[in-house]
Amino acid sequence: MADGYFSREPLLVGIFSAIFLFVVWYRRRDPLLYAIPTVGFSDPILSYFSAFRYIFDSKRMIGEGCAKYKPGLFKIASFRRWTVFVTSTEHIKEMRRAPDDVLSFLEPVADSVQPDHTLDLIVKDDDYHLHIIRTKLTRSIRNTFDDLHDEITASLDDVMPVSGDDWVKIPMLETLQKAICRIANRVFVGAPLCRDHDYQQLNLNFATKVMTFATIFSFFPESLKPIVKRMLSNLPSQFRKEMEFLRPIVEERFARLDELGDEWEDKPNDFLMWLMSEAKGPERSLEGLARRMLTINFAAVHTTSQTTVQALYRLIAHPEFLEGLRQDIEAAVAEEGWTKAGMDKMLKLDSFLRESQRLHGLGLLSFTRRTLRPFPLSNGTTIPAGVNVTIPVLATHQDQDIYTNPESFDAFRFSKLRETDVDATMGKYQAVSTSPENLPFGHGRHACPGRFFAANEVKALLAALITRYDLKFEDGKEMPSDICFATMLIPRNVNVMFRKRQK
């Protein structure tokens with residue numbers, strides 16, 4: 001009998017310990033959080049199964065939450081913290097009005113990119129490059145357009161070996177990444193460096209390496225991340241390579257600045273020059289400038305190329321819109337030439353890009369913030385501190401209360417709205433506008449500052465492709481679905497058939 005009792009003792013201790021831990025958890029759980037409905041499991045153990053499922057089945061889980069709880073809130077567990085999804089336009093407006101000390105933009109970015117250990121800027125809290133993007137880059141779109149268009153023409157001649165009437169097979173994502181890296185860097189660092197193959201590869205690979213190491217760093221506590229970086233990361237070697245590419249340009253330009261001051265004839269009008277003029281202290285060193293340039297490329301190249309590829313796939317799948325787009329582009333060029341003014345008159349092309357982004361985008365979420373303090377909403381719900389709050393983009397962009405036939409692709413949806421909505425504010429239906437109904441670039445004061453440059457670049461490249469080439473999928477192939485991993489949407493690198501346009 002004693003032997004039986006002692007053999008059961010560990011089991012009883014385990015049972016009572018489990019009950020005790022459950023009671024402690026239940027009494028300490030946040031009632032504000034648990035008042036929000038859950039997709040998947042909400043208890044502390046099983047929620048990790050939901051977090052694992054969310055990595056591979058996020059689109060379905062978010063769709064389930066929107067179907068059940070819209071226009072309210074719901075939450076889904078991730079491995080680090082809960083994410084609360086906001087599905088009401090009114091609540092999105094409330095998020096936009098919240099100050100940064102209530103809803104933080106930077107905290108979720110720190111989780112996903114780990115910038116202190118990946119981008120590793122010398123002065124980490126100096127975002128002077130963002131001011132340059134909002135001011136000089138955006139204001140210089142008109143003045144730099146000739147260079148941009150020249151590089152589009154030259155890059156397509158190099159990466160698209162198309163001649164005569166023969167169809168040529170082109171791997172779309174891979175090819176356009178190379179072209180867009182070169183095109184963007186014509187404005188970032190100028191020619192001839194933008195055309196250097198090794199420089200292009202450095203910038204293309206850097207973005208992949210950043211996200212790889214950001215994922216690795218996220219598994220470690222902050223105290224161990226510097227050790228992990230020294231043991232595993234090869235990002236410092238990328239910084240050194242960037243420095244060597246920039247060294248002769250930076251040294252020559254600083255010599256001219258010292259000799260001639262801020263203004264001289266033929267002074268370069270590119271992002272590197274703007275950085276050199278604005279940087280202070282250690283950020284004005286070669287190393288500081290190199291790290292900023294890699295950061296700019298990290299933010300610009302892959303997002304732009306993915307947006308362009310998604311739009312091209314849509315166009316090939318809907319050839320009924322091709323002739324209307326060509327007429328729109330050619331009429332604008334006949335009137336204004338290949339200029340920024342001409343791009344502004346391509347209303348159907350702008351509508352086509354916005355409609356493509358409405359149905360695709362770069363991810364399932366937008367406007368993600370971290371609650372630093374409890375955040376009360378007008379419906380009486382309070383979102384607790386320490387969780388992520390976000391907007392499910394596709395559910396918003398395919399809301400039948402906002403859009404007519406929201407699941408259908410209508411390339412000229414927004415150009416028609418420009419004509420019929422006489423009360424619309426200027427720019428309401430442009431691709432670069434942001435609102436609770438249009439979220440590809442975010443919304444509010446932290447909306448993507450480079451969206452004006454990026455949209456202009458994408459439209460200029462699309463216009464060139466549409467007017468220069470005929471295009472189709474390989475025989476028997478249809479528009480590929482995006483790869484969905486966690487909350488990212490990535491276009492597949494499929495072959496597209498090109499030939500010189502047959503007039």
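Trainee: Where is H129 found?

Mentor: H129 is found in helix α6, where a helix is a DSSP run of H or I of at least four residues, and strands are E runs of at least two, numbered from the N terminus. The model is predicted, so local features need pLDDT of at least 70 and side-chain atom pairs count only at pLDDT 80 or more, while totals for chains, interfaces and linings use all residues. Residues are numbered from 1 along each chain as its sequence is written, and side-chain values use heavy atoms, with hydrogens and water left out.

Trainee: Why is H129 called buried?

Mentor: The relative accessible area of H129 is 7%. Buried means under 20%, exposed means over 50%, and partly exposed is in between, with a 1.4 Å probe and protein chains only. The value of 7% is under the cut-off, so H129 is buried.

Trainee: Which residues is H129 in contact with, leaving aside its neighbours within four places in sequence?

Mentor: They are L121, F271, L275, R292, T295 and I296. Contact means heavy atoms within 4.5 Å.

Trainee: What makes α6 oblique to α12?

Mentor: Helix α6 (residues 128-139) and α12 pack at an angle of about 125 degrees, with their axes 10 Å apart. Angles under 35 degrees count as roughly parallel, over 145 as roughly antiparallel, 65 to 115 as roughly perpendicular and the rest as oblique. The angle therefore makes α6 oblique to α12. The axes are lines fitted to C-alpha atoms, for helices over the stretch in contact, and the angle runs from 0 to 180 degrees between N-to-C directions.

Trainee: Which residues meet where α6 and α12 pack?

Mentor: Y128, H129, I132, I133, K136 and L137 in α6 meet F271, W274, L275 and E278 in α12.

Trainee: What makes α12 mostly covered?

Mentor: Six of the eight residues of α12 are buried: F271, L272, M273, W274, L275 and M276. The buried residues of α12 pack against α6, α8, α11 and α13.

Trainee: How many aromatic pairs are there, and by what rule?

Mentor: The count comes to 18. Rings of Phe, Tyr and Trp (its six-membered ring) pair if their centres lie within 6.5 Å; planes under 30 degrees apart count as stacked, over 60 as edge-to-face and the rest as tilted.

Trainee: Why is the pair of F188 and F271 called edge-to-face?

Mentor: The ring centres of F188 and F271 are 6.0 Å apart and the planes are at 70 degrees. The distance is within 6.5 Å and the angle is over 60, so F188 and F271 form an edge-to-face pair. F188 lies in helix α8 (residues 172-188) and F271 in helix α12 (residues 271-278), so the pair ties together parts that are 83 residues apart in sequence.

Trainee: Are the two residues buried or exposed?

Mentor: F188 has a relative accessibility of 1% and counts as buried. F271 is buried too, at 0%.

Trainee: What makes the pair of F321 and F412 edge-to-face?

Mentor: The ring centres of F321 and F412 are 5.3 Å apart and the planes are at 80 degrees, so the pair is edge-to-face. F321 lies in the loop between α13 (286-317) and α14 (322-336), and F412 in the loop between α17 (393-397) and α18 (413-420), so this pair ties together parts 91 residues apart in sequence. F321 is buried at 13%, and F412 is buried at 13%.

Trainee: Which residues do ring pairs link into a cluster?

Mentor: F188, F271, W274 and F453 are linked in this way.

Trainee: How do you know that the charged end of R369 sits over the ring of F367?

Mentor: The charged end of R369 is 4.0 Å from the ring centre of F367. The rule asks for NZ of Lys or CZ of Arg within 6 Å of the ring centre and within 35 degrees of the ring normal. K267 lies over the face of W264, at 5.7 Å from the ring centre.

Trainee: Why is L32 called partly exposed?

Mentor: L32, in helix α2 (residues 31-34), has a relative accessibility of 33%.
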